[in-house]
Structures are given as structure tokens and as C-alpha cells.
Amino acid sequence: MRLVLLGPPGAGKGTQAERLGARFGIARLSTGDMLRAAVAAGTPIGLRAKDIMARGELVPDEVVVGIIADRIAEPDAAKGFVLDGFPRTVAQAEALEKLLTKRGLKLDAVIELAVDEAILARRIESRIGEMRARGEKLRADDDPEVLKSRVVAYRAQTAPLSEHYRRKGMLRTIDGMQAIDSVAAAIDRVLMGGSA
């Protein structure tokens, strides 16, 4: 099973991607995690991406596509994968389609988590407060101003993916404002051939 999860920052893509990975025995591929690991390791891609990510901007396509191409070739992705945070643009979606076609693969579904952006901003601020209270280190992009920048970038660059995948008959939209378990159940229904 090969899936893409769409939704703005803080919509719950990471939570649902982890659950889907465990439920279906597929690899969770988070470009954010892969890029953060590259930054922490000080790799050339990581150094290039570090400042871009801290500003809440999107990392260039060629960097992200290269990371994805390498990652889906790894053994744990052979049974399938769920992409969390990629593609972010129609150009990346087209690059992914070419990459998969070249390998004789295709996506099974694209799931969009639809959320209310105002409530989402409050969710992120709450998460930041909880992390600070626990003494956890915040990510560079866990900042209300950076979040606003990321949501603007999402609306401009990533939201058109919804229409791209809708035209291909692959898009399934889920109400991401529900409780985590309700979102998970709706995703499962969609993947098993039902409706959200």
C-alpha cells in the first residue's frame, strides 16, 4: 500500500502516518523527519536545508525528491509506504509519479486531512506550551510566526495538490478536526473501500 497524506502543518499527518505504518506494516516516510535527521547529522543536504526550514520555507524540489528516491528504495519500503509531508507541490507530485512509474509502482490513495486553520493555530500554540512545560526542546518551526508562514506557503504551494489528485480520482478528504481515533477510523473506512 502506497499512500500520501495531505494537510496543513499541525493537521495530524504525523500521528496518522505512524498509525498507518504500524497498522499496515508499511514504512512511514516523513520528509520533515528525514530533513531534520540530515540537519542533525550535518550532511550537505542538511546544511543546505537548515536555514530554509528555520524560516518555515519549503526545501527545493530536487533535494526532497532525491531524499524520497533513496528512501523508497530501502528494504522496509518494499511492502509500501505512507508519505507525510511530500509531495508539497504539483511539480513534486509529478516527479513522484515519474519516480514510481519508473519502478513499476503507483499510489493507492491520497488522503487529505481538512482542518480549520484558526483552530489549528491554537492547537500548535497549545502544543508549544505543553512542550515547554515538560522542558522539551522545541523544533525551529514550532513558533507561531513560523507556523503562519508555513500555512501561507501551504495554501499557495501545497493546497493545489488537492485539485491535482481530485482530477486523478485519488483524493479522499477526511475531517481532520475530529478526535484522533475518529480520524483514524475514517481513514481506515476510506482505505477499505468505504466512505469517510
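Because the model is predicted, local features are reported where pLDDT is at least 70 and side-chain atom pairs count only at pLDDT 80 or more, whereas totals for chains, interfaces and linings use all residues. Residues are numbered from 1 along each chain as its sequence is written, and side-chain values rest on heavy atoms, with hydrogens and water left out.

The protein chain contains nine helices and five strands, where helices (H or I, at least four residues) and strands (E, at least two) are DSSP runs numbered from the N terminus. Read from the N terminus, these elements follow the order β-α-β-α-α-α-β-α-β-α-α-α-β-α. The radius of gyration, taken over C-alpha atoms, is 16 Å for the protein chain, which agrees with the value near 16 Å that a compact globule of 196 residues would have; the globule rule used here is 2.2 Å times the number of residues to the power 0.38. Along the principal axes, the C-alpha atoms occupy a box of roughly 45 × 40 × 30 Å.

Of the 196 residues, 44% count as buried, a term that means under 20% relative accessible area, while exposed means over 50% and partly exposed lies in between (1.4 Å probe, protein chains only). The accessible surface of the protein chain amounts to about 9,800 Å², and 54% of this surface belongs to carbon and sulfur atoms; such areas come from the Shrake-Rupley method with a 1.4 Å probe, and for residues only the protein chains shown count as cover. When contacts (heavy atoms within 4.5 Å) are considered between residues at least 6 apart in sequence, 72% of them join residues at least 24 apart.

The protein chain carries 31 positive and 27 negative charges, whose mean positions are 3 Å apart. In this count Lys and Arg are positive and Asp and Glu negative, with His and the chain ends not counted, and the place of a charge is taken as NZ of Lys, CZ of Arg, CG of Asp or CD of Glu. A search of the whole structure finds 13 salt bridges, each being a side-chain nitrogen of Lys or Arg within 4 Å of a carboxyl oxygen of Asp or Glu.

One of these salt bridges joins Asp108 and Arg2, with 3.8 Å between the closest N and O atoms. Asp108 lies in the loop between helix H5 (90-102) and strand S4 (109-114) and Arg2 lies in strand S1 (residues 2-6), so the pair ties together parts that are 106 residues apart in sequence. Asp108 is partly exposed at a relative accessible area of 42%, whereas Arg2 is buried at 16%. A salt bridge also connects the side chains of Arg28 and Glu18 (3.8 Å, N to O); Arg28 belongs to strand S2 (residues 27-30) and Glu18 to helix H1 (residues 13-24), 10 residues apart. Here Arg28 is partly exposed at 25% relative accessibility, and Glu18 is exposed at 52%. Both residues take part in a network of salt bridges that links Glu18, Arg28, Asp33, Arg36 and Asp84. In a further salt bridge, the closest N and O atoms of Arg71 and Asp76 are 2.7 Å apart, with Arg71 buried at 15% relative accessibility and Asp76 partly exposed at 40%.

Met34 lies in helix H2 (residues 31-41) and is buried, with a relative accessible area of 17%. The C-alpha atoms of Met34 and Arg132 are 24 Å apart in space, and the two residues are 98 residues apart in sequence.

In helix H5 is Gln92, a buried residue with a relative accessible area of 3%. When residues up to four places away in sequence are not counted, Gln92 is in contact with Val59, Asp61, Val64, Phe86 and Pro87. The peptide bond from Phe86 to Pro87 is cis, with omega near -5°, although most peptide bonds are trans. Pro87 is located in the loop between strand S3 (81-84) and H5.

Met131, in helix H6 (residues 117-133), is buried at 11% relative accessibility. Between Met131 and Val110 the separation is 21 residues in sequence and 31 Å in space, C-alpha to C-alpha.
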